[in-house]
Amino acid sequence: MIWLLLKPEKKTLKRIVFGCCLALVVALATPLLYRAIRHRRAEAFLKAGTELARQSHFEEAIEQFQAALQLEPAMAEPLRRLAQVATEAKNPRAITYWLRLLKTPHGTQEDAEAMIECTLRLNRLDIAERELNARLPGTDGRLNLLAAQLNQLKGEIPKAIVHARSALHQGALSESGIMSVANLLVRSSQEADREEGANLLLARAATSRTLCRLSSEIILKAPQVTQAALEKLASVRMRFADETIQEQIAGMDLSLRRFPGEKNALISKFLEQHPVLTPAEKATLGAWLTSRKRFIDVLALGTAKELKSEAALLFLHVNALESLWRFEEIDALLQSEDLTVPEWTRQILLAHSCVINKRPEQADEHWEKAKEAAAGNPQALRSVAHFADEHHYDKIAAQMYWKLSDVESLTRFLALCKRTRDLPEKQRVLSRLAQLLPADLGIQNDLALNSLLLGDNSKSPGVIARRLSEEEPLNDAFRTTYALSCLRAEHPDKAIALVGNRSFPGEKAPAIRQAIYAAILGANGFTKEAKAWAHFLPRHELAAEELELIRPWL
């Protein structure tokens, strides 16, 4: 009786069964659907990052690839693209990304070669040597080429040539690889090597205009080239007509190398053969003549009308007049009423002229006018900054770079701070860069290091340095900063454990890294070694705050 009361109707039973089946399908499908959506989002980030990388927006591309990797950690392509773009941007984290990729089943021989090439570009020769030793000897010509490049960077040219020959004999090298091998051979101390390298270059020069230009550049820069090779190169160049002015100038360099005693006659004849050139071509030719100190010939370039309307020609003309000490002519030219170059161009040249003629008050006035004329025009502001930087008007350059405050300008500003050894100003620039590039670990490390050098006693620099060092234990710069923070916290034992053996960091390391190492050695009682490092490191590259590190051992 009870069963009859509780027994469900057939329709209800069907609904229950249907509901259970539906719930089961939803339970099984939801994870699959979530994975599909996550995969599609990862692919979207990957696509966006690839497009940003194509436009050379490397930092933004790195963020997109990192987002894709967080969604799909097992997906190889985001990690590969992340490593490639970081390599292109010369980001120290690139090595970490390559190593992570090679530890996965998706890492290939091409990835290993790309990682070794990255370590060479970032001057991490220790990692490059370790990876190459694990893979050589082998039958891959590309690996031997990388080994040749490694030994060249280490200054071991005979070993580099041995690997270069192995790479050449194993074959399968690209044209650029063969050109690299040839470049090594023509710089050898052995005549047979130089001849083989020259023959390789000449064979490629005959195949295309581009390779002819590249081969010419390598041969002309080689310290010892036979006259026969120069003659053959001149013959090969004759095959390519309608050369651009840049290629004609390269041909002129070849002629000067072949006939050094006829320099003046050759240049005069070359100029006679080019009576009609566009202003842009004249500017290119003028830059070359300036590099050859042919200032009289520079003054002959450009009509009076072109000089007053073409900024590039005007700059070259003023530079030539300055080199010839014809200062009155500079003032007369720049004061011309019919000068039609941008006003900021005229004003910075007038300011420069005033400085040369010891009229600093008037120079300041012209600089102010130049800044007013360039206001609101980023390209003009950038040109004013570059001119001021190149001519060591550091205060003006700093003002312009700060006014622009984009990544490119701030990077140049950093180089200016390094040249002037101004750590407080460097701190300001690094702080702004850290805001613009929050994912750049190199900027974070430089900011922490600079803070420590300026005597920041807070825990923040040390915390940052420790985090970066733990994230990238192979990065010498990060370990050095962390070691300095340990030294400042009066833990010299921790500091020396971080920097390792007494051959660290090497003579080619930045001066500040050598100074920190000397300070760590001294703090740990290695007085003799500390004095040796302090004595031989390039102290002229250090700021006053950095010199304090090694002052006890000088």
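**Salt bridges in the model**

Mentor: A network of salt bridges links Glu77, Arg80 and Asp111. The term salt bridge denotes a side-chain nitrogen of Lys or Arg within 4 Å of a carboxyl oxygen of Asp or Glu. Please note that the model is predicted, that local features need pLDDT of at least 70 and side-chain atom pairs pLDDT 80 or more, while totals for chains, interfaces and linings use all residues. Residues are numbered from 1 along each chain as its sequence is written, and side-chain values use heavy atoms, with hydrogens and water left out.

Across the whole structure, the search finds 18 salt bridges. Three further pairs may be considered in turn.

In one of them, Asp389 and Arg419 meet through their side chains, at 2.7 Å from N to O. This pair links distant parts of the chain, 30 residues apart: Asp389 belongs to helix α23 (residues 378-390) and Arg419 to helix α25 (residues 407-420). Helices here are DSSP runs of H or I with at least four residues, numbered from the N terminus. Asp389 counts as buried because its relative accessibility is 14%, whereas Arg419, at 30%, is partly exposed. The cut-offs are as follows: buried means under 20% relative accessible area, exposed means over 50%, and partly exposed lies in between, with a 1.4 Å probe and protein chains only.

Another salt bridge joins the side chains of Arg359 and Asp331, with 3.6 Å from N to O. This pair also links distant parts of the chain: Asp331 lies in helix α20 (residues 327-334), and Arg359 lies 28 residues away in the loop between α21 (343-356) and α22 (360-374). Asp331 is buried, at 18% relative accessibility, while Arg359 is partly exposed, at 24%.

Helix α22 itself holds a further pair, Glu365 and Lys369. The closest N and O atoms of their salt bridge are 3.5 Å apart. Because Glu365 and Lys369 are four residues apart in the helix, about one helical turn separates them. Glu365 is partly exposed, with a relative accessibility of 43%, and Lys369 is likewise partly exposed, at 36%.

A disulfide is a covalent bond between the sulfur atoms of two cysteines. The search counts a pair of cysteine sulfur atoms within 2.5 Å as a disulfide, and for the whole structure it finds zero. Among the cysteines, Cys118 is buried at 1% relative accessibility, and Cys486 is buried at 6%.

Terms used
Helices (H or I, at least four residues) and strands (E, at least two) are DSSP runs, numbered from the N terminus.
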